[in-house]
Amino acid sequence: MSTTTARRGAPVTTVLTWQVRPGREQRFEEWTHGITRCARQFPGNEGVSWLTPEDGHRYHAVLRWSDQHRLAAWLESEERAHWHRRIEDIATEVSSERQSTTGMESWFSLPGTAVQAPPRWKMVLTTFLGAYPFTLLIQWLVTPHTTGWPLPLRAAVFPLVLLPLLTYLVMPRLSRLLRLWLYPHDGD
């Protein structure tokens, strides 16, 4: 796959979890440096970060990719399979804990759970329901007072007011309110 190929979709982040056998942590950490270098050279990779384990044996890799297709190409690649074969006796990927996000999911996450994000159309509709009233309010109350400002400054007011409101106030409450609709199969 060429690195000049145009993006096919939205950026995606995936978290991979590894269970390391006791006493093998040092070898696993050495392995993480090699597979990270390999992944960073793969088309579409936008970064790899490793999270240190809380219990000493469960490591998490956060992979950022330009789109889902390139992420899938990496996950199914011979290069990745080669690196995995090198640690068969050291660690095991906990595939049941693999999570992928495209960005909006953070507004819809359920703390302490591994529930899959709702379908994108539900996230878009919920975000519209949260953003529209505040967009209307900002346009009514703020915009008339900023008409003499330079365009870049006027344009900055809207996201500076709206995004913190959505992130910290509106979306957490709205996703809780619509929880049964957003997550119909989460066991509640």
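What pattern does the chain follow, read along the sequence? The pattern is β-α-β-β-α-α-β-β-α-α-α. The secondary structure comes to six helices and five strands; helices (H or I, at least four residues) and strands (E, at least two) are DSSP runs, numbered from the N terminus.

This is a predicted model, in which local features need pLDDT of at least 70, side-chain atom pairs count only at pLDDT 80 or more, and totals for chains, interfaces and linings use all residues. Residues are numbered from 1 along each chain as its sequence is written, and side-chain values use heavy atoms, with hydrogens and water left out.

**Whole chain.** Start with everything selected. The chain has 188 residues, and 34% of them count as buried. Buried means under 20% relative accessible area, exposed over 50%, and partly exposed in between (1.4 Å probe, protein chains only). The accessible surface comes to about 11,800 Å², with 59% of it belonging to carbon and sulfur atoms; such areas come from the Shrake-Rupley method with a 1.4 Å probe. Among contacts (heavy atoms within 4.5 Å) with a separation of 6 or more, 70% are between residues 24 or more positions apart.

**Strand 1.** Next, select Thr13, which is found in strand 1. Thr13 counts as partly exposed because its relative accessibility is 24%.

**The largest nonpolar core.** Select Trp18, Phe28, Trp65 and Trp74. Of the 22 residues in this core, these four touch the most other members. A nonpolar core is a set of buried Ala, Val, Leu, Ile, Met, Phe, Trp, Tyr and Cys residues joined through side-chain atoms within 4.5 Å. Strand 1 (12-20), helix 1 (25-40), strand 3 (58-65) and helix 2 (68-75) each give two or more residues to the core. Helix 1 supplies the largest share, five residues.

Stay with Phe28. Leaving aside neighbours within four places in sequence, Phe28 is in contact with Trp18, Val20, Trp50, Tyr59, Ile87, Ile90 and Ala91.

**Two annotated segments.** Finally, select residues 123-141 and 153-171, where an unreviewed UniProt entry places the feature "transmembrane region". UniProt positions follow the numbering used here, feature names are shortened, and annotations may be inferred rather than shown by experiment. Residues 123-141 are 100% helix and 0% strand, with the end C-alpha atoms 27 Å apart. Residues 153-171 are likewise 100% helix and 0% strand, and there the end C-alpha atoms are 26 Å apart.
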